[in-house]
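Keep it short, with headings.

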Amino acid sequence: MFALKFALRYLVAPKSHRVVNIISLISMAGVAVATMAIVVVLSVFNGFSDLAASHLALCDPDIKIVARLGKTFSGSDSLVNALQAMPQVHAASAVLEERGLLSTPNTQLPVRFKGVDPDRATAVTDIDAMLVDGVYSPVNGLPDSVAGSQMAVGIAMSTGLRPSPQAAAELIVPRRRGRINPANPAAAYKILPLAMTGVIQVDQPEYDTDFMLIPLAEARRLLDYDSNTAGAIELKVKQGVDVNDFAARLNKMLPPGMQALGRMEQQAETFKMISIEKWVTFIMLVFILLIASFNIVSTLSLMVIEKRNDMHTLRALGSSKPMIANVFVSLGWLITALGGCAGTLLGLVLSLLQQHLGLIKLGGDPSGLAIDVYPVRLEWGDVAMVLAAVLLTGLLVAQISRIFTRKIE
């Protein structure tokens, strides 16, 4: 308490040299600006994470049930009916995903196709919100031999295809069953004529580059699967149901070879990368905060010179050197703490204003952007961690002041 009382007095009392006050304010301002930057940047990363989650919600279900081993499982119809009967489930649908080659008169390119149930797909995922051209019409108005498909905007741009009821492409996959005749290599592949009925866009590269939807029945026939085989079962839960809690409950109820994945687990790599970028940026900004905090060293050295007579008096009254050194350690910590608190408060205000009012706009044509303001979401856990980093940095830097008090007798 002795050291802290003297440190508070030295902090607020007027100095004999005005430059000491100015340098103290500059040191405090440097810490405040660095702290504010950390709070704002972490909030922006949270906002972009939410933005990615909202875009992926258009095509990823709330919960996805898959096999722990292998790409497919049987008995999908009975499992879909059992899940559909649960009070927490709004809709359930079987899907089948695989890769193939899309061939058009202009080009050929590898694609990732997903077979969906036309009667259930729109209840599980918001396909209409993904459409930027055409309609979701997998079968209506098309010839019997042609399947309707919705292709990603990247496929449409690469192939030059536009929504039309006419067959304009072929989906080619290797045969899963049967013997291959070397004299007829073309027989080793199965071909599905396709008509593009719609163009979809999610603003995520994993979907907008090579993704497409086709009817589930056609996907099963193309891949030589029976009508009771699926690659996954997608669920849409009812409003108010906690997705993570329900997924955990499903994992206890499902057979040992099955698992339920929430949306974060379905796109684990995407969210893991965002998290890594966030914390790497945090570490870099903490280093900038540390550099800014070294301005406090110059302030403390001037304060030692300013209060040299006071230190001689304290020594004459019986104070020990470590006790006097603690006065300046406390002073350095107070300067950092006040600057950090001011920067945190300013970062909170800026983040909340952007989060609720969207003051800072994104450049460019708004019609071509998914959002027109920088996404921001403040997390109090981030704020607590920033304050802890500021206080620890202040304590570390303040310890240097002990060097300046060693020669005091």
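## The β3–β4 hairpin

Four residues form the link of a hairpin that joins β3 to β4. This is a predicted model. Strand β3 covers residues 89-103, and strand β4 covers residues 108-116. The two run antiparallel and are joined by nine bridges. Within this pairing, arginine 99 has arginine 112 of β4 as its bridge partner.

## Other partners of β3

β3 also pairs with strand β11 (residues 232-237). The sense is antiparallel, with six bridges. Here alanine 94 stands opposite isoleucine 233 in β11.

A further antiparallel pairing, over three bridges, links β3 and β7. Serine 103 has glutamate 170 in β7 as its bridge partner.

## Strand β8 and its neighbours

From β7 (residues 169-174) the pairing continues to β8. These two strands are antiparallel and share six bridges.

Strand β6 (residues 147-152) runs parallel to β8, and six bridges join them. In this pairing, glutamine 150 lies opposite glycine 198 in β8. Strand β5 (residues 131-134) pairs with β8 in the antiparallel sense, over three bridges. Leucine 131 stands opposite isoleucine 200 in β8.

How many of the 12 residues of strand β8 are buried? Nine are, so the strand, residues 189-200, is largely enclosed by the rest of the structure.

## Helix α3: one buried face

Helix α3 spans residues 76-84. Its buried residues are Ser76, Leu79, Val80 and Leu83. Viewed down the axis of α3, the buried residues fall within an arc of 100°, so they line one face of the helix. The general rule is that an α-helix has 3.6 residues a turn, so residues three or four places apart point the same way.

## A nonpolar surface patch

Which residues make the nonpolar surface patch? They are Phe48, Leu345, Val349, Leu353, Leu357, Leu359, Ile360 and Tyr374. The patch comes to about 750 Å². Helix α14 (residues 321-357) supplies its largest share, four residues.

Leucine 359 belongs to the patch and sits in the loop between α14 and α15 (380-398). Is leucine 359 buried or exposed? Its relative accessibility is 52%; exposed means over 50%, so leucine 359 counts as exposed.

## The chain as a whole

The chain holds 15 helices and 12 strands. Of its 409 residues, 46% are buried. Among contacts with a separation of 6 or more, 79% are between residues 24 or more positions apart.

The accessible surface of the chain is about 20700 Å². Carbon and sulfur atoms account for 61% of that surface.

## Summary of pairings

| Strands | Sense | Bridges |
|---|---|---|
| β3 and β4 | antiparallel | nine |
| β3 and β11 | antiparallel | six |
| β3 and β7 | antiparallel | three |
| β7 and β8 | antiparallel | six |
| β6 and β8 | parallel | six |
| β5 and β8 | antiparallel | three |

Terms used:
Residues are numbered from 1 along each chain as its sequence is written. This is a predicted model: local features need pLDDT of at least 70, side-chain atom pairs count only at pLDDT 80 or more; totals for chains, interfaces and linings use all residues. Side-chain values use heavy atoms; hydrogens and water are left out. Buried means under 20% relative accessible area, exposed over 50%, partly exposed in between (1.4 Å probe, protein chains only). Two strands pair if DSSP finds at least two bridges between them. Patches are made of residues with over 30% relative accessible area and no salt bridge: like charges are joined within 9 Å, nonpolar side chains (Val, Leu, Ile, Met, Phe, Trp, Tyr) within 5 Å. Accessible areas come from the Shrake-Rupley method with a 1.4 Å probe; for residues, only the protein chains shown count as cover. A salt bridge is a side-chain nitrogen of Lys or Arg within 4 Å of a carboxyl oxygen of Asp or Glu. Contact means heavy atoms within 4.5 Å. The arc is that of the directions from the helix axis to the C-beta atoms.
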